[in-house]
Amino acid sequence: MPAITLTTLQSLKQKGEKITMLTCYDATFAHACNEAGVEVLLVGDSLGMVLQGHDSTLPVTTAEMAYHTACVKRGNSDALILADLPFMANATLEQTMTNSAMLMQAGAHMVKVEGQLWLAESIRLLAERGVPVCAHMGLTPQAVNILGGYKVQGRNENQARQMRADAISLEQAGAAMLLLECVPSELAAEISQAVKIPVIGIGAGNATDGQVLVLHDMLGLSITGRVPKFVKNFMLGQDSIQSALKAYVNEVKATTFPGIEHGFSA
């Protein structure tokens, strides 16, 4: 397939075709995801848990993110590469600029930041300087200690109203994409309709513009044995990893994944 750009993703949203995204941390899986037709590779700070064995994403450094972004770039030919700014890498505007530059120079096409409306100024500055930004809202794992655990966000009306307003404000600030994690399906659908930029969901129902899963989760690999409600093991019934990756792409495109059982209600 031709190289995926922001323009491609915007066109997919406008046409109503779902966008596929998976986490990816190395060259081999980058190539495999390309072969399966995955449009966006997320070099996630989830690597802290699935690769490094930590109990959260907090220990991951920007240098480690840049290393894995460079690995993914070497194996990638077609997909758009999205890289996470890890915990406290955007604590100040200066840090945000410096660390985003490091990830872009390592091979990212876009950076992802976790938070709410307070991100607006850094998103504006990054966009002005040629760095596309994906704003990660809802359950933001870097704030797990504030949130009191990995809990669904936006279930009460005040939270939902604030999240809708923040999403619109972050788009106006220059965000090129939103990612909603563990958000009630109805709220995620409303936000997807309210903004013009692509909205990717994980545990946010199937009315978003696309889906993302952690690669190891969708391949049925887990250190802890705890499988989130929004995960499906795509290795079941498949004879190879490549077939499982393709099954994921096909089911997202056909809107058969995620099913109702993978989402949350208000």
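User: Taking two strands as paired when DSSP finds at least two bridges between them, in which sense do E1 and E8 pair, and over how many bridges?

Analyst: In this predicted model, E1 and E8 pair in the parallel sense, and four bridges join them. Within that pairing, Met21 has Val212 of E8 as its bridge partner.

User: And what does E1 do with E2?

Analyst: E1 pairs with strand E2, residues 40-43, again in the parallel sense, here over three bridges. Met21 turns up in this pairing as well, standing opposite Val40 in E2.

User: What do the strands close into, and in which order?

Analyst: Eight strands close into a barrel, in the order E1-E2-E3-E4-E5-E6-E7-E8, with parallel pairing. From one strand to the next, the twist averages 25 degrees. Helix H11, residues 241-253, packs on the sheet and touches both strand E1 (19-23) and strand E8 (210-213), its direction making about 145 degrees with that of E1.

User: Is E1 mostly covered or mostly open?

Analyst: E1 is mostly covered, since five of its five residues are buried. In a regular strand, side chains alternate between the two faces of the sheet. In E1 both faces are covered, with Ile19, Met21 and Thr23 buried on one side and Thr20 and Leu22 buried on the other.

User: Switching to charges, what is the salt-bridge count?

Analyst: The count comes to 10 salt bridges. One of them brings together the side chains of Lys13 and Asp209, at 2.7 Å from N to O. This pair links distant parts of the chain, with Lys13 in helix H1 (residues 6-15) and Asp209 in the loop between strand E7 (199-202) and E8, 196 residues apart. Both Lys13 and Asp209 are buried.

User: Which residues are linked in a network of salt bridges?

Analyst: The network links Glu121, Arg124, Glu128 and Arg129. Arg124 and Glu121 form a salt bridge whose closest N and O atoms are 2.6 Å apart, while the side chains of Glu128 and Arg129 meet at 3.5 Å, N to O.

User: Why are Arg124 and Glu121 separated by about one helical turn?

Analyst: Arg124 and Glu121 are separated by about one helical turn because they are three residues apart in helix H6, residues 120-128. Arg124 is partly exposed at 32% relative accessibility, and Glu121 is partly exposed at 36%. Glu128 counts as exposed at 51%, as does Arg129 at 53%.

User: What about Asp166, where is the nearest side chain of opposite charge?

Analyst: Asp166, which is found in helix H8 (residues 157-173), is buried yet has no salt bridge, and the nearest side chain of opposite charge, Arg164, is 11 Å away. With neighbours within four places in sequence left aside, Asp166 is in contact with Gln116, Leu117 and Met137.

User: Last topic, the backbone: which value does phi of Met88 take?

Analyst: Phi of Met88 is near 65 degrees, which is a positive value in a residue other than glycine. Met88 has its place in the loop between strand E3 (80-84) and helix H5 (93-106), and it is partly exposed, with a relative accessible area of 49%. Thr255 is also not a glycine and has a positive phi, about 60 degrees.

Technical notes:
Residues are numbered from 1 along each chain as its sequence is written. This is a predicted model: local features need pLDDT of at least 70, side-chain atom pairs count only at pLDDT 80 or more; totals for chains, interfaces and linings use all residues. Side-chain values use heavy atoms; hydrogens and water are left out. Two strands pair if DSSP finds at least two bridges between them. Helices (H or I, at least four residues) and strands (E, at least two) are DSSP runs, numbered from the N terminus. Axes are lines fitted to C-alpha atoms, for helices over the stretch in contact, and angles run from 0 to 180 degrees between N-to-C directions. Contact means heavy atoms within 4.5 Å. Buried means under 20% relative accessible area, exposed over 50%, partly exposed in between (1.4 Å probe, protein chains only). Lys and Arg count as positive and Asp and Glu as negative; His and the chain ends are not counted. A salt bridge is a side-chain nitrogen of Lys or Arg within 4 Å of a carboxyl oxygen of Asp or Glu.
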